[in-house]
Amino acid sequence: MASSGEDISNDDDDMHPAAAGMADGVHLLGFSDEILLHILSHVPSTDLILNVRRTCRKLAALCLDKSLIHTVLLQKDYQASEDKVRQLVKEIGREIQQLSMAGCYWLPGSTVEHVARCRSLVKVNLSGCHLTSLRLSKMLSALQHLRSLAIDVSPGFDASQLSSECKATLSRVRELKQTLFTPSYGVVPCCTSLEKLLLYFEILDRTREGAILSGQLMVGQSNVPHYQNLRVFYARLAPGYINQEVVRLYLAVLSDRTPQNLHAFLISVPGSFAESGATKNLLDSMARNVALDALQLPKSWLNGSSLLQHMKFNNPFYFSFSRCTLSGGHLIQQVINGGKDLRSLASLNLSGCVHCLSPDSLLRKAEDDIDSSILETLVASCCNLRHLNLSAAHHHSSEGLGRHLCQLLARLRHLRSLSLPVCSVADSAPRADRAPAQPAMHAVPRGFGKKVRVGVQSCPSPFSGQAGPQPSSVFWSLLKNLPFLEHLELIGSNFSSAMPRNEPAIRNSLPPCSRAQSVGDSEVAAIGQLAFLRHLTLAQLPSVLTGSGLVSIGLQCQQLRSLSLANLGMMGKVVYMPALSDMLKHCKRLRDLRLEQPYFSANAQFFQALSQCPSLQRLCLVSRSGTLQPDAVLAFMARCLHVVMCHLFTGESLATCKSLQQSLLRSFQAERPALNVVIFPLLHEGLTDVIRDVPLVHLDEITLFKSRVAEEPPNLWW
């Protein structure tokens with residue numbers, strides 16, 4: 001059974017269903033059809049139709065059951081080659097009603113074009129696929145039942161090449177997700193029945209030749225977009241002025257007439273995005289005419305504004321005030337309405353809201369304690385929260401029985417994903433079971449000189465099992481009360497990745513918060529309580545001494561799929577390598593690993609340990625002044641047959657990086673059609689040009705560091 005598809009609940013065991021034979025004396029085919037269909041639903045569609053179906057008559061019939069072939073998901077099925085996809089469409093194309101090929105960047109347009117044979121399609125996701133205007137026109141012309149579409153709009157797109165039959169199909173589309181790599185309206189003006197519009201702006205300010213792009217390229221390009229039936233408007237912008245210029249053109253129509261049925265309005269913008277007269281008119285119109293259940297606005301539109309006070313909400317399920325200067329007083333009065341029942345709220349993003357748990361933003365300093373009564377009101381009002389992001393801020397708790405942030409969050413028993421700053425989980429007072437942190441031992445001088453560790457207390461071996469979670473820790477108690485947590489992020493308040501988007505690598509970083517000094521191995525070990533944990537991020541934990549807590553996570557968190565570690569322990573020396581190696585032995589379901597650590601040595605020991613992760617598919621290493629052993633990388637790739645993404649950004653020379661990248665592609669590209677290899681010096685001036693060629697699915701999900709909890713509303717796209 002291919003392990004490249006979506007999550008397989010029993011992927012410890014890679015037995016093919018028909019080859020499983022006897023299990024505890026019971027033949028697999030002896031199970032009821034209902035159970036067998038459930039098992040088969042976890043098999044990648046290409047494997048199901050092209051392999052499993054050919055094993056016996058019973059499976060041949062079951063594999064063609066409507067529940068299995070009406071919806072076909074090819075995203076992250078990295079073994080789906082051109083021939084397999086064409087054969088799959090040939091055999092069951094007429095039965096497919098929902099098809100996702102999102103992120104299938106390795107398939108050429110000539111293969112994607114075969115989607116036209118799936119004439120019963122109602123939903124199709126082609127984000128990340130290569131399609132010209134002419135191919136898109138030919139394909140959509142044949143899909144008369146289509147109601148939901150996701151595509152990329154790349155340089156060279158020409159709406160005038162769309163046929164009348166294609167435009168007729170687009171006129172019936174109700175849901176559109178459009179990723180823009182060039183200034184364009186794309187197919188939006190053709191979609192006259194739109195109810196949901198998702199726009200992802202990934203336009204670079206300059207072309208490869210250095211020419212500056214402008215949104216004025218869109219003038220005269222198409223007719224006015226049709227928003228009269230719109231219910232959901234979502235726009236996410238990558239950094240760059242051109243993306244802001246283009247989104248303003250999309251918003252201009254909304255400012256003239258706000259759709260009466262609009263219930264979700266979300267704009268995610270990094271940095272500053274100035275409010276214009278048109279956007280002010282839009283917001284005023286929304287405040288008068290609509291009641292929203294999901295809201296996200298640029299921080300400059302909210303800061304110092306009374307907008308929230310006038311907005312009407314109807315059973316809201318998602319709020320994002322990321323990076324806004326929203327004070328706790330405004331949060332309670334304008335959003336929660338003085339403790340109003342918000343049991344409908346499922347997801348809340350307060351990342352970067354440094355004052356959101358304090359009554360007044362003007363008088364507060366970063367090191368000041370939070371007002372626990374504000375958090376208490378928030379927890380009581382939003383008792384059904386499933387996703388909460390409080391990262392990128394200093395949320396320090398004062399002493400007081402039951403008033404610590406962790407103790408209050410423990411009441412949110414429905415939480416499935418949580419992002420916290422490292423300093424927020426520190427006990428209010430020094431713990432008796434931990435020696436006081438020595439400031440000198442964590443000093444990180446500027447430059448690349450050797451660091452000296454002073455006054456380090458003795459600590460247990462990572463393999464002794466003595467650094468387990470401490471029951472007296474408020475963080476241990478928090479996790480004990482959230483046993484079903486699936487996604488956890490602990491990110492230092494001052495952490496910034498060395499590899500930001502569209503900019504040169506960062507050479508220096510801010511020192512960690514002083515309170516983070518008391519969060520170390522025992523707190524990391526406490527995470528081992530989360531038996532259902534699937535995604536874990538740990539960044540800027542300076543007091544990790546041996547990494548022994550990582551071993552506890554590897555042993556106990558058997559569902560772990562993705563792991564991101566950044567700047568653990570001392571910055572000048574990687575102290576947790578033995579523990580990490582031991583941890584990886586137990587991560588049998590780990591698929592994604594991102595590791596960011598200065599001076600990291602990606603040697604044979606590391607890659608040998610990583611080779612014990614049989615499900616690994618994607619690896620990203622970011623290490624300023626780090627080194628790697630080319631032979632060890634080649635041996636690792638030869639052993640780990642499912643790895644399709646290998647991104648290594650270190651301190652090695654350009655010649656070494658290019659040679660290794662070419663060797664990997666030459667050795668493994670033929671047998672791994674989706675293979676994406678980028679090996680490049682982290683501090684090289686050409687890094688941004690290299691990054692622009694990385695498939696967006698990898699860049700967005702693993703290569704670039706960011707907090708992902710409550711980043712978007714739940715179920716934004718199917």
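How are helix 9 and helix 10 oriented to each other?

1. Basis. This is a predicted model, in which local features need pLDDT of at least 70 and side-chain atom pairs count only at pLDDT 80 or more, while totals for chains, interfaces and linings use all residues. Residues are numbered from 1 along each chain as its sequence is written, and side-chain values use heavy atoms, with hydrogens and water left out.

2. Helices 9 and 10. Helix 9 (residues 241-256) and helix 10 (residues 277-289) pack at about 45 degrees, axes 9 Å apart. Helices (H or I, at least four residues) and strands (E, at least two) are DSSP runs, numbered from the N terminus. Axes are lines fitted to C-alpha atoms, for helices over the stretch in contact; angles run from 0 to 180 degrees between N-to-C directions. Helix 9 and helix 10 are therefore oblique to each other. The classes are roughly parallel (under 35 degrees), roughly antiparallel (over 145), roughly perpendicular (65 to 115) and oblique (the rest). The crossing of helix 9 and helix 10 is left-handed, that is, the near helix is turned anticlockwise from the far one by less than a right angle.

3. Their contact. Arg248, Leu251, Leu254 and Ser255 of helix 9 meet Ala278, Thr279, Asn281 and Leu282 of helix 10. Contact means heavy atoms within 4.5 Å. The residues divide into four nonpolar, three polar and one charged. Here Ala, Val, Leu, Ile, Met, Phe, Trp, Tyr, Cys and Pro count as nonpolar, Asp, Glu, Lys and Arg as charged, and the others, Gly among them, as polar.

4. Helices 7 and 8. The axes of helix 7 (residues 133-141) and helix 8 (residues 164-172) come within 8 Å and cross at roughly 65 degrees. That makes helix 7 roughly perpendicular to helix 8. The crossing of helix 7 and helix 8 is left-handed. Leu136, Ser137, Leu140 and Ser141 of helix 7 touch Glu165, Cys166, Thr169 and Leu170 of helix 8. Four nonpolar, three polar and one charged residues make up this contact of helix 7 with helix 8.

5. Helices 18 and 19. Helix 18 (residues 548-556) and helix 19 (residues 577-584) pack at about 5 degrees, axes 8 Å apart. That makes helix 18 roughly parallel to helix 19. Ser548, Leu550, Val551, Ile553 and Gly554 in helix 18 meet Ala579, Leu580, Asp582 and Met583 in helix 19. By class, six are nonpolar, two polar and one charged.

6. Cavities. On a 1 Å grid over the protein atoms alone, a cavity is a set of points where a 1.4 Å probe fits but cannot get out; a pocket is an open set with protein on both sides within 12 Å along at least five of seven lines; lining residues have an atom within 4 Å of a point. There are six cavities of 30 Å³ or more. Grid points are joined across faces, edges and corners, and a volume is the space filled by probe spheres set on the points. The largest cavity holds about 100 Å³. Of its 15 lining residues, Ala498, Asn567, Glu596, Pro598 and Arg624 are closest to the centre.

7. Second largest pocket. Its volume is about 1,200 Å³. The lining has 38 residues, with Pro270, Arg323, Phe705, Lys706 and Ser707 nearest the centre.

8. Arginine 53. This residue sits in the loop between helix 2 (45-50) and helix 3 (57-62). Arginine 53 and cysteine 63 are 10 residues apart in sequence and 5.7 Å apart in space, C-alpha to C-alpha.
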